[in-house]
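Student: I'd like to learn how to read a structure feature by feature. Could you walk me through this one?

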Amino acid sequence: MPYRRLPTTDKARIRALNAALAKVIKNEHKLAFSNHSVEELQNVKNTFENHLRQYELDTRLQSENIKEYKEAFDRAKMYVSHFIQVLQFASERGEINGGIKCYGNLASFEGKVPPLNTEEDIIEWGKIMVEGEQKRKQNGGSAIYNPSIALVKFKVEELHDASVFQQTLKRNTLRSFDKMQKLRKITNDFISKLWTEIEESLEVESPKVKRQLAQEYGIVYVFRRNEKKKLSAEEMQTDLLFEFA
């Protein structure tokens, strides 16, 4: 005998719910499920679709913001790197009074730019550069331009703000995902219960006719490979097999 296959995707779940609801909308004389199941069907469908829309929205917003975050990351990295390079060149030319001792352990990198591979690296070194430049200027040093420390600070703050926003969007998406995972199980449990009620309500002698009537309510039947081989060509044409992928 063929077996029922519950939906495995959100689109398939909505199709299954809509198929059952369509029988209600047609206002047929006798439904294969109770009025209580009709109310539950409408509630399950509305809840599932509403949360699915929210999950899709949260996912889209997070995906769209990744580009802005990446741009803020690249800008901040470039400005911090360029400032460090200008500072080191000026120090080599003897234009920085007292060398670069105000800038943390920058001297230990021997003229090279420290690793700026992560957001934490960029923000940390940006902070070191801002504080170091302020100290140096307070001691009578001339300001470095191209880029200025004010612009470096602004770009690092942009990265921080973009990161906070991206983390908020990520939390929203994870929260929506967890909610959808629970709703998928709840929805499949309801569909399974509804399909059982439909099958038990269809009192016909022929299993094939019963199966075809059940399929009108959205129930999905799948034939095993050996069962398909036993079916004649004519039976394959008349058996309504729906694939809810």
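This is a predicted model: local features need pLDDT of at least 70, side-chain atom pairs count only at pLDDT 80 or more; totals for chains, interfaces and linings use all residues.

Student: How many helices and strands does the protein have?

Tutor: Helices are DSSP runs of H or I with at least four residues, strands are runs of E with at least two, and both are numbered from the N terminus. The protein comes to seven helices and two strands. Their order from the N terminus is β-α-α-α-α-α-β-α-α. Of its 245 residues, 38% count as buried.

Student: What should I look for in the backbone?

Tutor: Most residues other than glycine have a negative phi, and most peptide bonds are trans. E110, in the loop between α2 (35-92) and α3, has a positive phi near 50°.

Student: Which residue does P147 join through a cis peptide bond?

Tutor: That partner is N146, and omega is about 5°. P147 sits in the loop between α3 and α4, and N146 lies in the loop between α3 and α4 as well. N146 also has a positive phi, near 60°, and is exposed at a relative accessible area of 71%.

Student: How do I describe a pair of packed helices?

Tutor: Two packed helices are described by the angle between their axes and the distance between the axes. The axes are lines fitted to C-alpha atoms, for helices over the stretch in contact, and angles run from 0 to 180 degrees between N-to-C directions. Here α2 and α3 pack at about 40°, with their axes 10 Å apart. That makes α2 oblique to α3; angles under 35 degrees count as roughly parallel, over 145 as roughly antiparallel, 65 to 115 as roughly perpendicular and the rest as oblique.

Student: What is the handedness of the crossing of α2 and α3?

Tutor: The crossing is left-handed, meaning that the near helix is turned anticlockwise from the far one by less than a right angle; clockwise would be right-handed.

Student: Which residues line the largest pocket?

Tutor: On a 1 Å grid over the protein atoms alone, a pocket is an open set of points where a 1.4 Å probe fits, with protein on both sides within 12 Å along at least five of seven lines, and lining residues have an atom within 4 Å of a point. The lining here is I123, G126, K127, V130, E131, V152, K153, V156, E157 and H160. Helices α3 (119-138) and α4 (149-201) each supply at least two residues of it. The largest pocket holds about 160 Å³ of space, a volume being the space filled by probe spheres set on the points, which are joined across faces, edges and corners.

Student: How many residues of each class are in that lining?

Tutor: Four are nonpolar, two polar and four charged. Ala, Val, Leu, Ile, Met, Phe, Trp, Tyr, Cys and Pro count as nonpolar, Asp, Glu, Lys and Arg as charged, and the others, Gly among them, as polar.

Terms used: Residues are numbered from 1 along each chain as its sequence is written. Side-chain values use heavy atoms; hydrogens and water are left out. Buried means under 20% relative accessible area, exposed over 50%, partly exposed in between (1.4 Å probe, protein chains only).
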